[in-house]
Amino acid sequence: MADPEPEGDDLSWNSLPDHIVVQIFSYLSLQDKFRASFVCKTWNDCFHFPVLWRDFVFIVENNDEKEAIRHQKCLEMHGAHLKHVLMKVDQSEQICRTIARDILNGIANLTNRKLSSIKIDFTGENPLFYAGAEFVQSLKLLFGRNPEALETPMHSLVNVDLSGMPVAFDDEMLNLLSQNHPLLESLNLLNKVLVCKVSANCIFQLVKKCRKLKKLFVFHSSMSDNTLVALAEDDRAPLEELGISCRREEKYGTDLSSEAWQQLVTKLPDLKVMLSFDHTCPLHRVSQIMKPEIPVHVLNLQTFTMIYEEVTQATSFYKNTLEVVVLQTRNSSELERALVNLARRCAQLHTLCVYCVLKKDVVDEILALRPKMKEDKTYILKWQAQAEPWVVGVEEGD
C-alpha cells in the first residue's frame with residue numbers, strides 16, 4: 001500500500017533535502033543566490049556549502065556598487081573554496097574594470113587559496129587606447145608568490161585561459177606564472193591584442209619549467225625551435241594540443257624548422273596542432289610557415305585574400321590529419337576546385353566553414369563527398385544559383 005502524501009508543513013519549500021537546495025542554487029546567479037539565502041535558515045545554510053563555491057562565475061557587467069560589495073563578501077567568506085573561476089567583465093565600463101581588478105587582487109591575497117583554473121573574458125567595446133596594463137599588474141599579483149603572512153603555500157594553477165582578454169601580456173607576467181606554478185597543464189594566450197609582447201625565450205623558459213604542460217596556445221612570434229625541442233624531452237607529460245596563430249609579426253619573423261617539427265612529431269605522434277593565419281599576416285608567409293611535418297588538425301585561413309593555392313597546399317600536406325577548416329576569403333573557380341579536392345582527399349574532415357559565396361553545385365558536391373558533415377550540420381557554406389545569380393542561399397549547420 002502506498003505511503004500517504006505529506007500534508008501541511010511537510011510540503012513547504014524549507015523541507016527540501018539540503019542536496020536538492022544546493023543543486024537549485026548552483027543554477028542561480030550570485031545576486032539570486034543572495035536573495036534566495038534569506039528565505040529561511042535552511043536555505044541560508046545551503047548558501048554557504050563549499051560545493052557551491054568551487055566552480056564560480058564572476059559576472060561584472062554593470063556598475064552596481066551593491067554587486068561589487070557582494071563579490072567582496074563572497075571572497076571573504078568563501079574564497080578559500082574557489083577552485084575554478086570564470087570572470088566575465090564589461091571592459092567598456094571603468095567601474096567594471098575596477099571591480100574585476102579588485103576581485104583578482106582579492107583572490108591573489110587569499111590566505112588558503114586553492115584556485116587551480118582561471119578564465120577571463122572581456123565583453124563590450126574596447127575603449128579607445130585601452131591596453132589593460134592595470135590588469136597585467138593584477139595578474140602578476142595573482143601569479144606571484146603569496147605574501148609571507150599567508151598561512152599555507154598556495155596551490156599551483158593548472159589551467160589558465162587569457163584568450164578573452166585583449167591585453168598586452170609581457171614576459172614578467174609569464175615568468176611569474178612559470179616560476180610559481182610548475183604544475184600548469186593548459187595555457188591559452190591567443191587574444192586579440194594588436195601586438196604580442198611575449199618573447200620566444202619567455203615561452204621556452206615556461207615550457208622548461210612547466211613539465212606537465214598538455215595544452216599550449218601562443219602566437220607564432222613567441223615560438224622557437226628550442227621550444228619545440230623542449231616539448232619533445234623525455235621527462236615531461238606528453239603535449240596533446242598546440243595552437244599557433246600567425247599575424248603581422250611574421251613579416252620579419254623566423255620560421256620554425258622542419259627538423260624541429262619532425263623531432264617533436266616523432267616523439268609525440270598523437271599531437272594535434274591548430275594553425276591560424278589572420279588578415280594581418282603577410283600572404284607569402286602562409287605557405288612558408290605551413291610545413292608537411294606539422295600534424296595540423298585545425299586550420300584557420302582568415303586572410304580575406306585569394307588563398308586557393310594555400311588550400312591546395314594544405315590538402316597535400318595534411319590530408320591524413322585535417323579535421324576542421326575555416327576560410328575567410330574571396331571566391332574564384334580555382335578556390336572551388338580546391339575545396340572540392342579538400343573534401344575528397346581529407347578523410348578526417350568533419351567541419352568546414354567558408355565565408356564567401358560559392359556556386360550551388362559546388363556546395364552540393366562538397367556535401368556529397370562529406371555526408372557525415374552534412375548529417376551533423378558542422379559546416380557553413382554560402383551558395384549562389386548559377387541560373388539566377390541574384391539568388392543567394394546559405395547552407396549551414398546549427
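**A walk through the chain**

The chain carries 16 helices and 13 strands. The model is a predicted one. Of its 398 residues, 49% count as buried. The exposed surface comes to about 19,700 Å². Carbon and sulfur atoms supply 53% of that area.

Next, the contacts along the sequence. Take those between residues at least 6 apart in sequence. Of these contacts, 75% join residues at least 24 apart.

Now turn to helix H7, which spans residues 133–143. Its buried residues are Phe135, Val136, Ser138, Leu139, Lys140, Leu142 and Phe143. An α-helix has 3.6 residues a turn, so residues three or four places apart point the same way. What do the buried residues of H7 pack against? Two helices are among the partners: H6 (94–108) and H8 (171–180). Strands S3 (117–123) and S4 (159–164) also take part.

Further along lies a pair of helices. H14 covers residues 333–345, and H15 covers residues 360–369. Their axes are 8 Å apart and meet at an angle of about 10°. Angles under 35 degrees count as roughly parallel, so H14 and H15 are roughly parallel to each other. From H14, the contact uses Glu336, Leu339, Val340, Ala343 and Arg344. From H15, Val362, Glu365, Ile366 and Leu369 contribute. How does this contact divide by class? The contact of H14 with H15 has 6 nonpolar and 3 charged residues, with no polar ones.

Notes: Residues numbered from 1 in each chain as written. Predicted model: local features only at pLDDT ≥ 70, side-chain atom pairs only at ≥ 80, totals over all residues. Heavy atoms only, no water. Helix = DSSP H or I, 4+ residues; strand = E, 2+ residues; numbered from the N terminus. Buried < 20%, exposed > 50% of the residue type's maximum accessible area, 1.4 Å probe, protein only. Contact = heavy atoms within 4.5 Å. Areas by Shrake-Rupley, 256 points an atom, 1.4 Å probe, with all protein chains shown as cover. Axes fitted to C-alpha atoms, helices over the stretch in contact; angles between N-to-C directions. Parallel < 35°, antiparallel > 145°, perpendicular 65-115°, else oblique. Nonpolar A, V, L, I, M, F, W, Y, C, P; charged D, E, K, R; others polar.
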